Number of protein chains: 2
Amino acid sequence: MPDTFRRYLREKGSFTDAQVDVIESLARARMVKRKQFILRAGEVCHYHTFISNGCMKLYRLGETGEEHIIKFAIEDWWISDRQSLLSGEPSDSYIVALEDTDVLQWTNAEFERLFKEVPEFDALFKRLISKALDASQDRVFGNISYTAEEKYRAFLEKYPGLMGRVPLHMIAAYLGVTRETLTRLRGRRPA
Amino acid sequence: MPDTFRRYLREKGSFTDAQVDVIESLARARMVKRKQFILRAGEVCHYHTFISNGCMKLYRLGETGEEHIIKFAIEDWWISDRQSLLSGEPSDSYIVALEDTDVLQWTNAEFERLFKEVPEFDALFKRLISKALDASQDRVFGNISYTAEEKYRAFLEKYPGLMGRVPLHMIAAYLGVTRETLTRLRGRRPA
DNA sequence: CGATTCTTTGAAAACAGTCAATCTGTGTGG
DNA sequence: CCACACAGATTGACTGTTTTCAAAGAATCG
(Lines give C-alpha, C1' and ligand atoms only; values in the text may rest on other atoms or scores of the structure.)
Protein backbone atom coordinates (compact mmCIF):
# COMPACT_ATOMS: atom_id res chain seq x y z
CA MET A 1 0.00 0.00 0.00
CA PRO A 2 1.18 3.54 -0.72
CA ASP A 3 1.32 5.92 2.21
CA THR A 4 -2.38 6.25 2.77
CA PHE A 5 -1.99 8.45 5.82
CA ARG A 6 0.18 11.11 4.17
CA ARG A 7 -2.24 11.28 1.27
CA TYR A 8 -5.11 11.51 3.74
CA LEU A 9 -3.56 14.44 5.63
CA ARG A 10 -2.80 16.31 2.44
CA GLU A 11 -6.34 15.79 1.27
CA LYS A 12 -8.03 16.87 4.48
CA GLY A 13 -5.87 19.80 5.54
CA SER A 14 -2.92 21.94 4.58
CA PHE A 15 0.04 20.46 6.38
CA THR A 16 3.69 21.21 5.77
CA ASP A 17 5.97 18.22 5.21
CA ALA A 18 7.55 18.92 8.59
CA GLN A 19 4.16 18.76 10.30
CA VAL A 20 3.27 15.51 8.59
CA ASP A 21 6.59 14.14 9.78
CA VAL A 22 5.88 15.11 13.38
CA ILE A 23 2.46 13.52 13.29
CA GLU A 24 3.71 10.36 11.69
CA SER A 25 6.74 10.11 13.93
CA LEU A 26 4.53 9.56 16.95
CA ALA A 27 2.45 6.83 15.30
CA ARG A 28 2.66 3.11 15.90
CA ALA A 29 2.06 1.09 12.74
CA ARG A 30 0.35 -2.23 13.29
CA MET A 31 -1.10 -5.04 11.25
CA VAL A 32 -4.29 -6.54 12.55
CA LYS A 33 -5.40 -9.91 11.28
CA ARG A 34 -9.02 -10.67 10.36
CA LYS A 35 -11.07 -11.50 13.46
CA GLN A 36 -8.42 -10.03 15.72
CA PHE A 37 -9.64 -7.58 18.38
CA ILE A 38 -7.97 -4.28 19.16
CA LEU A 39 -10.44 -3.58 21.96
CA ARG A 40 -12.70 -5.70 24.15
CA ALA A 41 -15.34 -4.67 26.65
CA GLY A 42 -13.77 -4.28 30.08
CA GLU A 43 -10.47 -3.05 28.69
CA VAL A 44 -9.47 0.58 28.47
CA CYS A 45 -9.21 1.93 24.92
CA HIS A 46 -5.65 3.18 24.58
CA TYR A 47 -5.43 4.42 21.02
CA HIS A 48 -6.81 6.67 18.37
CA THR A 49 -6.69 4.32 15.40
CA PHE A 50 -6.43 5.31 11.75
CA ILE A 51 -7.18 2.64 9.17
CA SER A 52 -4.79 2.80 6.22
CA ASN A 53 -6.10 -0.41 4.77
CA GLY A 54 -8.83 -2.89 5.63
CA CYS A 55 -12.07 -2.81 7.57
CA MET A 56 -13.19 -2.91 11.20
CA LYS A 57 -16.38 -2.76 13.22
CA LEU A 58 -17.15 -1.29 16.62
CA TYR A 59 -20.01 -2.94 18.50
CA ARG A 60 -21.58 -3.59 21.88
CA LEU A 61 -23.42 -6.64 23.14
CA GLY A 62 -27.09 -6.62 24.06
CA GLU A 63 -28.48 -8.32 27.15
CA THR A 64 -28.85 -11.64 25.38
CA GLY A 65 -25.50 -11.46 23.62
CA GLU A 66 -26.52 -10.04 20.24
CA GLU A 67 -24.09 -7.73 18.48
CA HIS A 68 -25.22 -4.16 17.94
CA ILE A 69 -22.91 -2.44 15.52
CA ILE A 70 -22.20 1.20 16.28
CA LYS A 71 -19.98 1.77 13.29
CA PHE A 72 -18.00 0.31 10.46
CA ALA A 73 -14.70 1.87 9.45
CA ILE A 74 -12.58 1.41 6.34
CA GLU A 75 -9.59 3.14 4.74
CA ASP A 76 -9.25 6.80 5.77
CA TRP A 77 -11.53 6.39 8.78
CA TRP A 78 -10.71 6.74 12.44
CA ILE A 79 -12.00 4.28 15.00
CA SER A 80 -11.83 4.13 18.78
CA ASP A 81 -14.06 4.13 21.82
CA ARG A 82 -13.73 7.84 22.50
CA GLN A 83 -15.54 7.61 25.81
CA SER A 84 -12.97 5.17 27.19
CA LEU A 85 -10.02 6.75 25.43
CA LEU A 86 -10.65 10.21 26.83
CA SER A 87 -11.80 9.19 30.29
CA GLY A 88 -9.49 6.25 30.93
CA GLU A 89 -12.51 4.22 32.06
CA PRO A 90 -13.04 0.64 30.84
CA SER A 91 -14.85 0.38 27.55
CA ASP A 92 -18.16 -1.36 26.96
CA SER A 93 -17.40 -1.94 23.30
CA TYR A 94 -15.48 -4.26 21.02
CA ILE A 95 -13.42 -3.33 17.98
CA VAL A 96 -12.48 -6.16 15.66
CA ALA A 97 -10.97 -6.44 12.19
CA LEU A 98 -13.29 -7.77 9.47
CA GLU A 99 -10.36 -8.10 7.07
CA ASP A 100 -6.61 -8.08 7.53
CA THR A 101 -6.15 -4.44 8.39
CA ASP A 102 -3.26 -1.98 8.58
CA VAL A 103 -3.60 0.72 11.18
CA LEU A 104 -1.72 3.64 12.70
CA GLN A 105 -2.17 4.32 16.39
CA TRP A 106 -1.56 7.19 18.79
CA THR A 107 -2.28 7.49 22.50
CA ASN A 108 -4.47 10.33 23.63
CA ALA A 109 -1.46 11.99 25.28
CA GLU A 110 0.30 11.97 21.93
CA PHE A 111 -2.78 13.47 20.33
CA GLU A 112 -2.91 16.24 22.91
CA ARG A 113 0.70 17.00 22.19
CA LEU A 114 0.03 17.08 18.44
CA PHE A 115 -2.95 19.38 18.96
CA LYS A 116 -0.62 21.86 20.66
CA GLU A 117 2.30 21.52 18.29
CA VAL A 118 0.35 21.32 15.05
CA PRO A 119 -2.63 23.68 15.14
CA GLU A 120 -3.78 22.46 11.77
CA PHE A 121 -4.09 18.97 13.23
CA ASP A 122 -6.22 20.38 16.02
CA ALA A 123 -8.41 22.12 13.45
CA LEU A 124 -8.68 18.93 11.40
CA PHE A 125 -9.92 17.00 14.39
CA LYS A 126 -12.41 19.64 15.32
CA ARG A 127 -13.86 19.31 11.84
CA LEU A 128 -13.87 15.52 12.07
CA ILE A 129 -15.63 15.37 15.43
CA SER A 130 -18.09 17.95 14.27
CA LYS A 131 -18.87 15.99 11.13
CA ALA A 132 -19.12 12.78 13.11
CA LEU A 133 -21.66 14.44 15.38
CA ASP A 134 -23.72 15.61 12.41
CA ALA A 135 -23.57 12.13 10.91
CA SER A 136 -24.59 10.55 14.18
CA GLN A 137 -27.57 12.86 14.49
CA ASP A 138 -28.57 12.05 10.93
CA ARG A 139 -28.45 8.39 11.88
CA VAL A 140 -30.61 9.04 14.93
CA PHE A 141 -33.07 10.77 12.65
CA GLY A 142 -33.06 7.77 10.33
CA ASN A 143 -33.51 5.40 13.24
CA ILE A 144 -36.58 7.15 14.57
CA SER A 145 -38.22 8.02 11.28
CA TYR A 146 -37.43 5.46 8.62
CA THR A 147 -38.92 2.01 8.12
CA ALA A 148 -36.52 -0.92 8.03
CA GLU A 149 -36.55 -0.79 4.25
CA GLU A 150 -35.77 2.92 4.10
CA LYS A 151 -32.95 2.47 6.59
CA TYR A 152 -31.46 -0.19 4.37
CA ARG A 153 -31.69 1.97 1.25
CA ALA A 154 -30.21 4.93 3.12
CA PHE A 155 -27.37 2.69 4.27
CA LEU A 156 -26.63 1.60 0.70
CA GLU A 157 -26.55 5.21 -0.46
CA LYS A 158 -24.34 6.34 2.37
CA TYR A 159 -21.91 3.42 2.41
CA PRO A 160 -21.97 1.94 -1.10
CA GLY A 161 -18.42 0.74 -0.53
CA LEU A 162 -19.46 -1.61 2.24
CA MET A 163 -21.83 -3.73 0.15
CA GLY A 164 -20.16 -7.02 -0.66
CA ARG A 165 -17.38 -6.20 1.75
CA VAL A 166 -19.43 -6.65 4.89
CA PRO A 167 -21.78 -9.62 5.37
CA LEU A 168 -25.48 -8.84 5.35
CA HIS A 169 -26.11 -10.05 8.87
CA MET A 170 -23.74 -7.34 10.09
CA ILE A 171 -25.58 -4.71 8.11
CA ALA A 172 -28.71 -5.97 9.87
CA ALA A 173 -26.95 -5.59 13.24
CA TYR A 174 -26.05 -2.04 12.20
CA LEU A 175 -29.58 -1.15 11.14
CA GLY A 176 -31.21 -2.69 14.17
CA VAL A 177 -33.21 -5.42 12.43
CA THR A 178 -32.82 -9.19 12.35
CA ARG A 179 -31.00 -10.82 9.46
CA GLU A 180 -34.24 -12.53 8.42
CA THR A 181 -36.03 -9.20 8.15
CA LEU A 182 -33.19 -7.78 6.08
CA THR A 183 -33.33 -10.77 3.75
CA ARG A 184 -37.06 -10.33 3.26
CA LEU A 185 -37.06 -6.62 2.60
CA ARG A 186 -34.23 -7.09 0.13
CA GLY A 187 -36.32 -9.66 -1.67
CA ARG A 188 -39.25 -7.28 -1.90
CA ARG A 189 -37.45 -5.12 -4.38
CA PRO A 190 -34.04 -6.13 -5.69
CA ALA A 191 -31.46 -3.36 -5.86
CA MET B 1 -33.43 34.94 36.49
CA PRO B 2 -29.94 35.27 37.92
CA ASP B 3 -27.10 35.25 35.44
CA THR B 4 -27.37 31.65 34.37
CA PHE B 5 -24.67 31.93 31.77
CA ARG B 6 -21.97 33.27 34.08
CA ARG B 7 -22.76 30.51 36.55
CA TYR B 8 -22.65 28.01 33.72
CA LEU B 9 -19.22 29.14 32.53
CA ARG B 10 -17.79 29.07 36.02
CA GLU B 11 -19.18 25.60 36.54
CA LYS B 12 -17.91 24.13 33.28
CA GLY B 13 -14.48 25.72 33.02
CA SER B 14 -12.03 28.02 34.71
CA PHE B 15 -12.57 31.43 33.21
CA THR B 16 -11.29 34.74 34.48
CA ASP B 17 -13.83 37.50 34.96
CA ALA B 18 -12.27 39.31 32.03
CA GLN B 19 -12.78 36.27 29.80
CA VAL B 20 -16.38 35.89 30.87
CA ASP B 21 -16.88 39.55 30.03
CA VAL B 22 -15.44 39.11 26.56
CA ILE B 23 -17.65 36.12 25.88
CA GLU B 24 -20.76 37.80 27.19
CA SER B 25 -20.02 41.08 25.46
CA LEU B 26 -20.45 39.44 22.08
CA ALA B 27 -23.77 37.80 22.96
CA ARG B 28 -27.22 38.85 21.89
CA ALA B 29 -29.83 38.30 24.59
CA ARG B 30 -33.27 37.42 23.33
CA MET B 31 -36.61 36.36 24.69
CA VAL B 32 -38.43 33.73 22.68
CA LYS B 33 -42.13 33.20 23.26
CA ARG B 34 -43.67 29.75 23.49
CA LYS B 35 -44.34 28.35 20.01
CA GLN B 36 -42.03 30.89 18.43
CA PHE B 37 -39.45 29.53 16.01
CA ILE B 38 -35.82 30.54 15.96
CA LEU B 39 -35.12 28.36 12.92
CA ARG B 40 -37.24 26.90 10.13
CA ALA B 41 -36.32 24.44 7.41
CA GLY B 42 -35.07 26.33 4.37
CA GLU B 43 -33.50 29.09 6.43
CA VAL B 44 -29.83 29.26 7.31
CA CYS B 45 -29.06 28.76 11.01
CA HIS B 46 -27.24 31.90 12.08
CA TYR B 47 -26.61 31.40 15.79
CA HIS B 48 -25.15 29.26 18.47
CA THR B 49 -27.91 29.49 21.07
CA PHE B 50 -27.52 29.07 24.81
CA ILE B 51 -30.70 28.58 26.84
CA SER B 52 -30.58 30.47 30.12
CA ASN B 53 -34.18 29.70 30.87
CA GLY B 54 -36.93 27.70 29.23
CA CYS B 55 -37.14 24.79 26.84
CA MET B 56 -36.82 24.17 23.09
CA LYS B 57 -36.93 21.31 20.66
CA LEU B 58 -35.08 20.67 17.41
CA TYR B 59 -36.92 18.51 14.88
CA ARG B 60 -37.27 17.56 11.25
CA LEU B 61 -40.35 16.57 9.30
CA GLY B 62 -40.87 13.13 7.81
CA GLU B 63 -42.27 12.52 4.35
CA THR B 64 -45.83 12.64 5.56
CA GLY B 65 -45.33 15.62 7.81
CA GLU B 66 -44.71 13.95 11.16
CA GLU B 67 -42.32 15.59 13.58
CA HIS B 68 -39.17 13.66 14.43
CA ILE B 69 -37.47 15.21 17.40
CA ILE B 70 -33.69 15.22 17.28
CA LYS B 71 -33.23 16.88 20.64
CA PHE B 72 -34.74 18.74 23.52
CA ALA B 73 -32.79 21.48 25.26
CA ILE B 74 -33.37 23.24 28.56
CA GLU B 75 -31.41 25.57 30.84
CA ASP B 76 -27.64 25.24 30.41
CA TRP B 77 -27.95 23.51 27.05
CA TRP B 78 -26.85 24.70 23.65
CA ILE B 79 -29.01 24.30 20.60
CA SER B 80 -28.48 24.97 16.91
CA ASP B 81 -28.40 23.21 13.59
CA ARG B 82 -24.65 22.81 13.49
CA GLN B 83 -24.65 21.54 9.95
CA SER B 84 -26.27 24.71 8.66
CA LEU B 85 -24.49 27.02 11.08
CA LEU B 86 -21.02 25.84 10.10
CA SER B 87 -21.65 25.38 6.39
CA GLY B 88 -23.92 28.33 5.71
CA GLU B 89 -26.27 25.99 3.83
CA PRO B 90 -30.04 26.09 4.43
CA SER B 91 -31.19 23.95 7.31
CA ASP B 92 -33.60 21.03 7.12
CA SER B 93 -34.64 21.44 10.74
CA TYR B 94 -36.91 23.51 12.94
CA ILE B 95 -36.12 24.92 16.38
CA VAL B 96 -39.07 26.14 18.40
CA ALA B 97 -39.66 27.20 22.00
CA LEU B 98 -41.83 24.89 24.09
CA GLU B 99 -42.03 27.50 26.86
CA ASP B 100 -41.22 31.19 27.00
CA THR B 101 -37.46 30.96 26.75
CA ASP B 102 -34.50 33.27 27.37
CA VAL B 103 -31.51 32.69 25.17
CA LEU B 104 -28.09 34.09 24.39
CA GLN B 105 -26.88 33.98 20.81
CA TRP B 106 -23.58 34.27 18.97
CA THR B 107 -22.80 33.99 15.28
CA ASN B 108 -20.28 31.41 14.22
CA ALA B 109 -17.84 34.18 13.32
CA GLU B 110 -18.09 35.47 16.87
CA PHE B 111 -17.50 31.97 18.16
CA GLU B 112 -14.40 31.58 16.02
CA ARG B 113 -13.10 34.83 17.39
CA LEU B 114 -13.79 33.68 20.96
CA PHE B 115 -12.06 30.38 20.31
CA LYS B 116 -8.93 32.31 19.37
CA GLU B 117 -9.09 34.92 22.10
CA VAL B 118 -10.21 32.65 24.93
CA PRO B 119 -8.47 29.27 24.68
CA GLU B 120 -10.46 27.97 27.63
CA PHE B 121 -13.66 28.61 25.66
CA ASP B 122 -12.19 26.61 22.80
CA ALA B 123 -11.38 23.79 25.21
CA LEU B 124 -14.86 23.91 26.71
CA PHE B 125 -16.46 23.54 23.32
CA LYS B 126 -14.22 20.68 22.37
CA ARG B 127 -15.40 18.87 25.49
CA LEU B 128 -19.01 19.70 24.76
CA ILE B 129 -18.94 18.47 21.18
CA SER B 130 -17.09 15.38 22.25
CA LYS B 131 -19.65 14.61 24.94
CA ALA B 132 -22.47 15.30 22.52
CA LEU B 133 -20.96 12.79 20.10
CA ASP B 134 -20.71 10.15 22.81
CA ALA B 135 -24.30 10.80 23.85
CA SER B 136 -25.48 10.60 20.26
CA GLN B 137 -23.75 7.27 19.77
CA ASP B 138 -25.32 5.98 22.97
CA ARG B 139 -28.67 7.02 21.57
CA VAL B 140 -27.97 5.19 18.33
CA PHE B 141 -27.15 2.12 20.37
CA GLY B 142 -30.40 2.48 22.24
CA ASN B 143 -32.32 2.94 19.02
CA ILE B 144 -31.00 -0.24 17.45
CA SER B 145 -31.02 -2.45 20.52
CA TYR B 146 -33.79 -1.46 22.92
CA THR B 147 -37.48 -2.23 22.70
CA ALA B 148 -39.89 0.70 22.77
CA GLU B 149 -40.41 0.20 26.49
CA GLU B 150 -36.69 0.11 27.27
CA LYS B 151 -36.19 3.26 25.22
CA TYR B 152 -38.82 5.00 27.27
CA ARG B 153 -37.28 3.90 30.56
CA ALA B 154 -33.83 4.96 29.39
CA PHE B 155 -35.25 8.33 28.40
CA LEU B 156 -36.76 8.81 31.85
CA GLU B 157 -33.46 7.97 33.49
CA LYS B 158 -31.49 10.24 31.23
CA TYR B 159 -33.83 13.22 31.20
CA PRO B 160 -35.85 13.04 34.40
CA GLY B 161 -36.23 16.80 34.24
CA LEU B 162 -38.25 16.66 31.04
CA MET B 163 -41.10 14.56 32.41
CA GLY B 164 -44.10 16.75 32.98
CA ARG B 165 -42.39 19.59 31.20
CA VAL B 166 -42.67 18.12 27.73
CA PRO B 167 -45.90 16.53 26.47
CA LEU B 168 -45.88 12.78 26.01
CA HIS B 169 -46.53 12.88 22.29
CA MET B 170 -43.25 14.74 21.88
CA ILE B 171 -41.41 12.14 23.89
CA ALA B 172 -42.93 9.61 21.50
CA ALA B 173 -41.65 11.66 18.57
CA TYR B 174 -38.23 11.64 20.20
CA LEU B 175 -38.22 7.91 20.83
CA GLY B 176 -39.49 7.03 17.37
CA VAL B 177 -42.82 5.46 18.34
CA THR B 178 -46.39 6.64 17.94
CA ARG B 179 -48.10 8.40 20.83
CA GLU B 180 -50.57 5.53 21.09
CA THR B 181 -47.76 3.04 21.58
CA LEU B 182 -46.20 5.22 24.25
CA THR B 183 -49.51 5.46 26.05
CA ARG B 184 -49.90 1.71 26.01
CA LEU B 185 -46.45 0.79 27.20
CA ARG B 186 -46.76 3.31 29.99
CA GLY B 187 -50.01 1.66 31.02
CA ARG B 188 -48.55 -1.79 31.30
CA ARG B 189 -46.13 -0.77 34.02
CA PRO B 190 -47.00 -3.04 36.97
CA ALA B 191 -44.27 -2.32 39.54
C1' DC C 1 -67.47 28.09 29.36
C1' DG C 2 -65.70 26.88 24.43
C1' DA C 3 -61.60 25.74 21.95
C1' DT C 4 -57.39 23.83 21.66
C1' DT C 5 -54.24 20.55 22.94
C1' DC C 6 -53.11 16.33 24.89
C1' DT C 7 -53.98 11.57 26.20
C1' DT C 8 -56.28 7.33 26.14
C1' DT C 9 -59.01 3.36 24.17
C1' DG C 10 -60.42 -0.20 20.86
C1' DA C 11 -60.18 -3.10 16.81
C1' DA C 12 -57.95 -4.45 12.60
C1' DA C 13 -53.97 -4.49 9.68
C1' DA C 14 -49.14 -4.22 8.83
C1' DC C 15 -44.81 -5.27 10.38
C1' DA C 16 -40.85 -7.34 12.57
C1' DG C 17 -39.21 -11.03 15.54
C1' DT C 18 -38.57 -16.04 16.62
C1' DC C 19 -37.64 -20.75 15.76
C1' DA C 20 -36.34 -24.27 12.85
C1' DA C 21 -35.01 -26.00 8.61
C1' DT C 22 -32.71 -25.56 4.22
C1' DC C 23 -29.65 -23.80 0.70
C1' DT C 24 -25.32 -21.63 -0.88
C1' DG C 25 -20.69 -20.80 -1.47
C1' DT C 26 -15.92 -21.17 0.58
C1' DG C 27 -12.09 -23.20 2.18
C1' DT C 28 -9.56 -27.15 4.38
C1' DG C 29 -7.75 -31.57 5.02
C1' DG C 30 -7.54 -36.24 3.44
C1' DC D 1 -10.46 -33.91 -6.42
C1' DC D 2 -13.75 -34.92 -3.13
C1' DA D 3 -15.97 -34.68 1.37
C1' DC D 4 -16.92 -32.14 4.97
C1' DA D 5 -17.38 -28.30 7.96
C1' DC D 6 -18.52 -23.69 8.31
C1' DA D 7 -20.20 -19.15 7.76
C1' DG D 8 -23.60 -16.76 5.47
C1' DA D 9 -28.15 -16.28 3.40
C1' DT D 10 -32.76 -17.66 2.70
C1' DT D 11 -37.52 -19.63 3.52
C1' DG D 12 -41.76 -20.89 5.97
C1' DA D 13 -44.92 -21.00 9.72
C1' DC D 14 -45.99 -18.74 13.74
C1' DT D 15 -45.98 -15.21 17.50
C1' DG D 16 -45.79 -10.84 19.23
C1' DT D 17 -45.47 -5.92 18.81
C1' DT D 18 -46.39 -1.60 16.65
C1' DT D 19 -49.01 1.17 13.54
C1' DT D 20 -53.18 2.89 11.75
C1' DC D 21 -57.65 4.68 11.94
C1' DA D 22 -61.38 6.32 14.45
C1' DA D 23 -63.30 7.93 18.45
C1' DA D 24 -63.75 9.64 22.81
C1' DG D 25 -61.92 11.33 27.49
C1' DA D 26 -58.95 14.70 30.25
C1' DA D 27 -56.64 18.84 30.86
C1' DT D 28 -55.46 23.62 29.96
C1' DC D 29 -56.21 28.29 28.76
C1' DG D 30 -57.93 32.60 27.13
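Mentor: Let us begin with B:V140, which is placed in helix α5 of chain B. Helices (H or I, at least four residues) and strands (E, at least two) are DSSP runs, numbered from the N terminus. The model is a predicted one, in which local features need pLDDT of at least 70 and side-chain atom pairs count only at pLDDT 80 or more, while totals for chains, interfaces and linings use all residues. Residues are numbered from 1 along each chain as its sequence is written, with chains lettered from A and ligands numbered from 1 in the order in which they are written.

Trainee: Is B:V140 buried or exposed?

Mentor: A residue is buried if 20 or more other C-beta atoms lie within 10 Å of its own, exposed if 12 or fewer, and partly exposed in between, with C-beta atoms placed from the backbone. B:V140 has 22 other C-beta atoms within 10 Å, so the residue is buried.

Trainee: Which residues does B:V140 touch, not counting residues up to four places away in sequence?

Mentor: Two residues are in contact if their C-beta atoms, placed from the backbone, lie within 7 Å. On that basis B:V140 touches A:I70, A:S136, A:R139, A:V140 and A:N143.

Trainee: How many residues of chain B are in contact with chain A, and which element gives the most?

Mentor: On the chain B side there are 23 residues, in contact with 23 residues of chain A. Two or more residues each come from β5 (67-74), α3 (82-87) and α5 (119-145) of chain B. The most come from α5(B), with 14 residues. For composition, Ala, Val, Leu, Ile, Met, Phe, Trp, Tyr, Cys and Pro count as nonpolar, Asp, Glu, Lys and Arg as charged, and the others, Gly among them, as polar. This side of chain B divides into nine nonpolar, nine polar and five charged residues.

Trainee: What is the order of the strands in the open sheet of chain B?

Mentor: Two strands pair if DSSP finds at least two bridges between them. The four strands follow the order β2-β7-β4-β5, with antiparallel pairing. In chain B, β2 (37-39) and β5 stand at the edges with a single partner strand each, so one side of each has no neighbour in the sheet.

Trainee: How many bridges join β4 to β5 in chain B?

Mentor: Seven bridges join β4(B), residues 55-61, to the antiparallel β5(B). Among the facing residues, B:K57 stands opposite B:F72, and B:L61 has B:E67 as its bridge partner. The two strands form a hairpin with five residues between them, and B:G65 in the turn has a positive phi of about 90°.

Trainee: Which helices lie against β4 and β5 of chain B, and at what angles to β5(B)?

Mentor: Axes are lines fitted to C-alpha atoms, for helices over the stretch in contact, and angles run from 0 to 180 degrees between N-to-C directions. Helix α5 (residues 119-145) of chain A packs on the sheet, touching β4 and β5 of chain B, with its direction at about 130° to that of β5(B). Helix α7 (residues 168-175) of chain B lies across β4 and β5 of chain B, at about 110° to β5(B).
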